[in-house]
Amino acid sequence: MTTLETPAPAPAAPLAKPSTAARAWRTLRSSRAATIGLAIVAVHVLIALLAPVLTSYDPIANNADQALLGPSWEHLAGTDQYGRDVLTRVLYGGRYALGVSVTATLLTVALGTVAGCAAALRGGWFDDVLGRVLDAVLSVPPVLVLLVVVTALGTGPSVIVLAIAVVYVPQVVRVVRGAALAIVPADYVTAARARGEGTWAILRREVLPNITDVVCVEFAMRASWVVLLISSLSFLGFGADPPTPDWGLMVAENRTAITVVPMASLAPIIALATLVIGLNLAADALSKAWGVDRVREGR
Amino acid sequence: MLSFIARRVLAAVGTLFLSSVLVFLAVQALPGDVATQVLGRDATPDAVAALREQLKLDRPAWERYVDWTAGALHGDFGVSLVSGKAVGGEVGMYLGNSALIALITVLFAVTGSLLLGILAGLYRDRWPDHLISTVSLVGMSVPEFVVATVLVLCFSVALPVFPAVVLYGPEASVGQLLPAVWLPALALAIVMAAYIVRMARTSVIDVMASEYVTTARLKGLSTWRVVTRHALPGALLPTLHVIALNVAWLAGGVAVVENVFNYPGIGKLMLSSVQNRDLPVIQAIALISAIVYVACNLAADLGAMALNPRLRTRGRT
Amino acid sequence: MTATTAIVSVDSLSVAYRSGGRDVSVVHEVSLDVRPGRTLALVGESGSGKSTVAATLLGHLRHGSRVTAGTVRVDGADVFALPARELRRLRGGTVAMVGQNAGQALTPSMRIGRQIAEVGGDIPVVDLLEQVRLPRPAELARRYPHELSGGQQQRVAIAMAVAARPKVLVLDEPTTGLDVVTQRGVLDLIGALRDELGLAAVLVSHDLGVVAHMADEVTVLRSGRIVEAAPTGRLFAAPQDPYTRRLLASVPRLDDAGLALVGEAGEREVRPRAVVSDASPVAVSARDLTVDYGSSRAVTRAVDGVSFEVRRGEVLALVGESGSGKSTLAWALAGLRAPSGGAMTHESGDLAGPARKRPLSLRRRVQLVFQNADTSLNPRRSVGDAVRRPLRFFGTAGSRAEAAARARQLISDVRLDPAFVDRLPAQLSGGQRQRIGIARALAGEPDVLIADEITTALDVSVQADVLRLLDDLRRERELACLFISHDLAVVRGIADRVVVLRNGVVVEEGPTDAVFADPGHPYTRQLMVAALEPDPDTRPLVADAPEWTDAAEPDDVWTELGDGHRVRRWSPLAREGVA
């Protein structure tokens, strides 16, 4: 018989099992840009939450005899034309921007992910029809859609959230569909199909875990776009209603007095820009660390 | 090759048709009675009825859709509810003014950003790349109204070279508008260029790492020849679609910038017609934007065909 | 063999790249010399650094790598000390390279002719294309790379390399992506050009058959170090190092009468084939199976009227080149592609429907193992998860705890440490992943296993291990195994019976020994002629294959040779001038 016996299995050398959390932590430690980006966003969230503790001024109440003051120890960033403390309004301003943006982005990315995966997995007529309809939605400028919806239904946060979902879902669907299409032909998906698993089980077990990074990056990036879009809307007077402290609105209000009290315009601009830069840095660094191609979808 | 073009054009027409249906339905779906809302709450019932008849609101939706598209095909978009003038002519006038900005923007943004993006890609991870990448990251992180405001601060207030606002109406001549065009165009170009720069950089890096570029280098060709003959056609291919998307974005992007500068273009018309609920004008603008979007994408597809022989020669092998 | 006469001379070269703040050595103190007109082969498995060494002859290093010690001299010039202008002159002019994948090495947006012409040199493009034996060269020069077949693309790459009449040719796996018959043609072309132009050549290959056929001298690399260097004849006849011996012993041969088992020190023993009794039941069978691709307008018939049956404990091999329909057949059996005609039956039921329509008990009994170990496991799920899922899904394990225990058992059944359960696929080697793929298939307790090119992507020593595992398993578990491969030598060792497919049609079938001893169809002979044995002195098993044409008629398809060996009818093709 054979002299060459079946060799004993080689023992597995101990290896740490990298969890998703550990992976994210490693990414953070290895990428300075990601750390900075996420830190900026975290600071913005903290400020928005702690605004009442950080300042003693009322962000809404007018005070005519304190109007248009330059920076001083009482008003670090001066006051606006109604005598409101600019710094206070900037600190409170993140609440509206972050609240609406995060909700809108969550909804958009969730809907887009489900639809995108379904399109990739089902294919056929479903994919075709969805693609055509989404293309048609994409062809109308988001600003116009939002303006029309807001004038018709009012400027309530829920209306804005829904409107943003309508204009941005198509793009998320495209990205997620593309990512899922790269997974679907993989042999482990074929194996699941050969087992006869259902569409939903394949989606949840095989496809979704492999596109979480794409979805995370997508979230960070969409969030930055949504913040920009909402602030533009407020700037045009279709977003937050006037006494509300909101960055876009503040720029619009104080632009005319920019030569008198430049800080009243600059402070909200800086707040807005840092938040979006933070989101973009995080999205860029995460996509680089995870190998997600995010640049490819300019707009 | 012809069948490829034909298929693309057909798909574009299909998308356009769907867009027009969506636009029409969306406007129809706006809640409340349009006539009442246009005329205000205390309008006389007679006036409301007259307006309803003028808008043909009593007829079924599909009939109105057919009427509208049939008119739109001949350039007849109905009559403005506010000015009472033909929508086609009015929109055309504003559109012409915006086209002036768009032309300059596209010209500068596309050439400039392609050059910068290719430069950054070729000097990957060295200082020109770091500089260009950082600036473009900031560029895409700042909203248009901020860029516009900062530009006004710099070039109208601190250094009065360009006018801060336009004082002319939509009928202004090109000569009257020309001095006021530069700042809005610059603002749009900065925001738009950021995306194209990033895309061009990434695809240049991808292509430079490809096997065929390595082969070309190992053939002993000069760097200039490797870049221009071997790398660039492949690198421009994915960039084309980003350029198309950004050019199409201008249709909506002008809204904010034109309002900052009070420039009498399509963006300003868009805003005022939304404020006044001037439905025929809104519909016309939406449809024109959709046409721009579809046309840009079609142009990108055809451009891709010119760059990629695989698309050109399909069916010949 | 002194350095003065050598045109290529690499002297204790070390290459490293930086990763995580420290140097990782890729090549360590490698020295070699090549004299004009001679061919040196660099042999090794993946990760041996053979391609890195070859690329240094052109002064090329991968992004992030650098030379840490040693020199590379080509035609007297120190390659890494050359100024940019002279390095460019060296490339193309003195040293030229032919890469593995010509499809990706040619610029897609440029015509063939211009890509060849820009290398320089005085020879007209048309002459060059003629020299690499491409038909209608003038017309071909105006084509784009994607309009050519893989073999043609590789010939264009060769034309490009010899355009400026270099002195040294670097060939990095020049035939790896090609079918055997095409590979043979390209190798013959390279050999002829080398002799005609008096070129020195450095050939990088993992395929010992190619090396034995082409090289004068061989250098064996392992993990960036030289293991052994010797003239080809001596290396293949009397390998000195145990690693070389093991490598050589692992290569399956066309004359093995059973599966070759390889020991640690490279000893080789051929295990006799398992005996399949005539009484053992037919596990799965196909009758007149046809599978079509494409829409109703443009139909491509991938599988055309194929019939076979596999008994329990038997290995049936489907052999053919790419496009022969062998993988399509596997997918149809697994219920992933609907057949357009014919019947498939399992001993316990009809396999007509798609996987989702088949009853669970039937589904679990036909299992598939995939070619590419990299994509066959979900990278985000642990190895244990991959095996537990089918256990739970098919209900072969009742509880969670039972599934966990069974998963560990299955993993040790495929000769892996059960401690692997918590690993992610990325932490396993290719061979280990392929074993997990087999364990996952076994989880359904199948009686039919479809192995679709499961060893193609593996290194030769790993391939030997996986083949042995498969052979053990079918003995232990009475598995009916459909073994799909393009490699005749692999099939020779493991299969009991062979079916040769060409363009979706069976051209020959029969017991393995009978088919290999006396191949009846010219296509089978052609495949066997093209197969390269790891032995420079080997005589081909069969004489050259005649030109032929299909002569099968509906009621007269087969020529029976007895014992189930039959050949599709054919007739010699009469050529003009030739009888």
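Strands here are DSSP E runs of at least two residues, helices are H or I runs of at least four, and both are numbered from the N terminus. What you're looking at is a predicted model, in which local features need pLDDT of at least 70 and side-chain atom pairs count only at pLDDT 80 or more, while totals for chains, interfaces and linings use all residues. For your selections, residues are numbered from 1 along each chain as its sequence is written, with chains lettered from A and ligands numbered from 1 in the order in which they are written.

Now widen the selection to residues 366–369 and 448–452 of chain C. These are β18(C) and β19(C), which run parallel and are joined by four bridges; strands count as paired if DSSP finds at least two bridges between them. In a regular strand, side chains alternate between the two faces of the sheet. (Buried takes 20 or more other C-beta atoms within 10 Å of the residue's own, exposed 12 or fewer, and partly exposed lies in between; C-beta atoms are placed from the backbone.)

Next, go to β1 (residues 8–19) of chain C, which pairs with β2(C) in the antiparallel sense over nine bridges. Pick L13(C), and you'll find its bridge partner V30(C) in β2(C). The open sheet here has four strands in the order β2-β1-β4-β5, paired antiparallel. β2 (22–34) and β5 (77–78) of chain C are the edges, each with a single partner strand, so one side of each has no neighbour in the sheet.

Stay in chain C and select V202(C). Its contacts (C-beta atoms, placed from the backbone, within 7 Å) include V8(C), V34(C), L57(C) and V170(C), not counting residues up to four places away in sequence. V202(C) is also among the residues touching the most other members of the largest nonpolar core, along with I196(B), L57(C) and F483(C). That core has 357 residues, and helix α10 (residues 223–261) of chain B supplies the largest share, 22 of them. (A nonpolar core is a set of buried Ala, Val, Leu, Ile, Met, Phe, Trp, Tyr and Cys residues joined through C-beta atoms within 7 Å.)

Last stop: chain B, with 13 helices and zero strands. Of its 317 residues, 44% count as buried. Confidence in chain B is lowest in α2 (residues 34–39), with a mean of 64, and highest in α9 (residues 211–218), at 90.

Note on methods
pLDDT = per-residue confidence, 0-100. Contact = placed C-beta atoms within 7 Å.
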